[in-house]
Every structure is written in structure tokens, then in C-alpha cells.
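Take a look at the one below, then follow its salt bridges.

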Amino acid sequence: MKVVVNFDLCESNAVCMGIAPEVFEVRDDDFLYVLQEEPPEELRGKVEEAARRCPKQAIAIEG
């Protein structure tokens, strides 16, 4: 699985970080960082939930 973020849509509101902090991080500069572009399969549930709950629908999962 690969995590793809549309940074043009992303508002860095940290909803995804709250759900999957192993994969997403909003830093002090108020930008979202993807810590693992290809997270392990055991994180799929968290990543899918983060994508579903993103207020701007800026997260996509490939694979």
C-alpha cells in the first residue's frame, strides 16, 4: 500500500495524525509530513480510517 496526499487540498488539521501517528505528522511549521509512504500492512486499517475521516479528502491509498 502507498499513501498519497494531495497537498493542494490538505489543510494540515491533524485528523490523520490523531488516527495514525505512525504515518502522519503535522509539525510546528503547520505542514503535514508523511512519515511512511509505504506503511506496513498491519497499519492499513488506521490509514484507511485516516483517509475516510480527512475533512478535505486529501489522502488516497494505492494498492
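Is Lys46 buried, partly exposed or exposed, going by relative accessibility? Lys46 is partly exposed, because its relative accessibility is 33% and the partly exposed range lies between under 20% for buried and over 50% for exposed. Keep in mind that this is a predicted model.

Now look at the partner of Lys46. Lys46 forms a salt bridge with Glu22, and the closest N and O atoms are 2.6 Å apart. Glu22 sits in the loop between α1 (15–19) and β2 (24–26), while Lys46 belongs to helix α2 (residues 44–53), so this pair ties together parts that are 24 residues apart in sequence. Glu22 is partly exposed too, at a relative accessible area of 30%.

Stay with helix α2. Here Arg53 pairs with Glu49 in a salt bridge, with 2.8 Å between the closest N and O atoms. Both residues lie in helix α2, 4 residues apart, which is about one turn of the helix. Arg53 has 47% relative accessibility and counts as partly exposed. Glu49, at 27%, is also partly exposed.

A network comes next. Salt bridges with shared partners join Glu41, Arg44 and Glu48 into one network. One of its links is the salt bridge between the side chains of Arg44 and Glu41, at 2.4 Å from N to O. Glu41 is partly exposed, with 48% relative accessibility.

Finally, the overall count. How many salt bridges does a search of the whole structure find? The search finds 6. Among them are Glu22 with Lys46, Arg44 with Glu41, and Arg53 with Glu49.

Technical notes: Residues are numbered from 1 along each chain as its sequence is written. This is a predicted model: local features need pLDDT of at least 70, side-chain atom pairs count only at pLDDT 80 or more; totals for chains, interfaces and linings use all residues. Side-chain values use heavy atoms; hydrogens and water are left out. A salt bridge is a side-chain nitrogen of Lys or Arg within 4 Å of a carboxyl oxygen of Asp or Glu. Helices (H or I, at least four residues) and strands (E, at least two) are DSSP runs, numbered from the N terminus. Buried means under 20% relative accessible area, exposed over 50%, partly exposed in between (1.4 Å probe, protein chains only).
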